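Here are my notes for you to read alongside the model. Take the points in order and find each residue as you go.

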Amino acid sequence: MTLPLHHPEDQLLIGYASGQERAGKSLLVATHLAYCPDCRRRVASFEALCGSWFEELPCNDHDGLDALLDRMDGLLAAGGAPAEAKPSRPLAAGSLGGRPVPEPLRSWLPEAIDTPTDDGSWREISKGVWLSGWERTLSGTTICLLRMASGAPVPAHRHTADELLLVLQGAFSDEYGSYALGDVAQYVADTDHHAQGASEEDCICLFLLDGELIFLDEEGNPA
């Protein structure tokens with residue numbers, strides 16, 4: 001399996017490792033870890049080496065956070081990181097065209113997520129782009145699936161808070177890069193981007209959104 005090239009930011013990994021991250025984002029990070037040995041090692045290092053630092057570190061203390069990351073980088077470079085952590089649960093098969101969808105996400109999903117787009121479980125938002133009827137809200141974060149046919153563009157949009165995507169099948173691209181299986185794309189508030197499917201098979205992503213999604217017209221104004 002090709003390893004992910006795009007990872008959650010360190011601040012998100014630290015929040016996950018310390019147990020202080022919001023539940024929706026923790027679900028995405030935990031699923032990404034099943035694909036990504038590099039991030040498993042990094043999270044294990046945060047958990048093993050920092051200990052009580054997380055409780056003592058103010059959330060908005062960027063100097064303290066930078067110091068923590070510098071120390072972690074030094075320890076990793078010096079070979080002081082602990083052995084690679086194993087995923088908490090093994091990959092599970094059968095939810096995505098017979099290919100594995102990792103836990104813990106699998107337990108949240110319908111039995112199959114690559115069902116025909118006309119079976120009522122998908123809502124088309126533009127030609128070749130769908131959102132799943134399956135949707136959950138965790139700690140204020142809306143979670144669903146985004147599906148893009150090959151070459152189909154997601155309508156131009158802007159979000160008022162963070163948006164995160166984790167690729168579960170296929171690939172997509174936008175002006176910031178190309179994303180394949182296991183990759184994470186993270187966009188902060190007020191980011192405009194133009195994603196489109198970039199694989200022969202439909203690209204299916206776990207889609208997390210804080211706040212509202214604003215679709216834009218051809219001139220970049222709210223539609």
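1. Start with leucine 164, which stands opposite glutamine 186 in β8. Strand β8 covers residues 184-187, and β5 pairs with β8 in the antiparallel sense over four bridges. Strands here are DSSP runs (E, at least two residues), numbered from the N terminus, and two strands pair if DSSP finds at least two bridges between them.

2. A word on the source before going on: this is a predicted model, in which local features need pLDDT of at least 70 and side-chain atom pairs count only at pLDDT 80 or more, while totals for chains, interfaces and linings use all residues. Residues are numbered from 1 along each chain as its sequence is written, and side-chain values use heavy atoms, with hydrogens and water left out.

3. Now look at another partner of β5. Strand β11 (residues 203-210) runs antiparallel to β5, and six bridges join them. Here glutamate 163 stands opposite leucine 209.

4. Why is β5 described as largely enclosed by the rest of the structure? Strand β5 spans residues 163-169, and seven of its seven residues are buried, so the rest of the structure largely encloses it. Buried means under 20% relative accessible area (1.4 Å probe, protein chains only).

5. Next, please find histidine 193, in strand β9 (residues 192-193). Histidine 193 is buried, with a relative accessible area of 1%. Its side chain makes a polar contact of 3.2 Å with the side chain of histidine 157, and another of 3.3 Å with that of glutamate 163. A polar contact is a pair of N or O atoms within 3.5 Å; within protein, one must be able to donate a hydrogen and the other to accept it, and residues adjacent in sequence count only if both atoms are side-chain atoms.

6. How many cavities of 30 Å³ or more does a search of the whole structure find? The search finds one. The largest cavity has a volume of about 90 Å³, and its lining residues include His157, Glu163 and His193. A cavity is a set of points on a 1 Å grid over the protein atoms alone where a 1.4 Å probe fits but cannot get out, and lining residues have an atom within 4 Å of a point. Grid points are joined across faces, edges and corners, and the volume is the space filled by probe spheres set on the points.

7. Finally, the cysteines. With a disulfide taken as a pair of cysteine sulfur atoms within 2.5 Å, the count comes to zero. Cysteine 36 is in no disulfide, and the nearest cysteine sulfur, that of cysteine 39, is 3.7 Å away.

Terms used:
Buried < 20%, exposed > 50% of the residue type's maximum accessible area, 1.4 Å probe, protein only. 1 Å grid on protein atoms, 1.4 Å probe; cavity = no way out; pocket = protein on both sides within 12 Å on 5 of 7 lines; lining within 4 Å.
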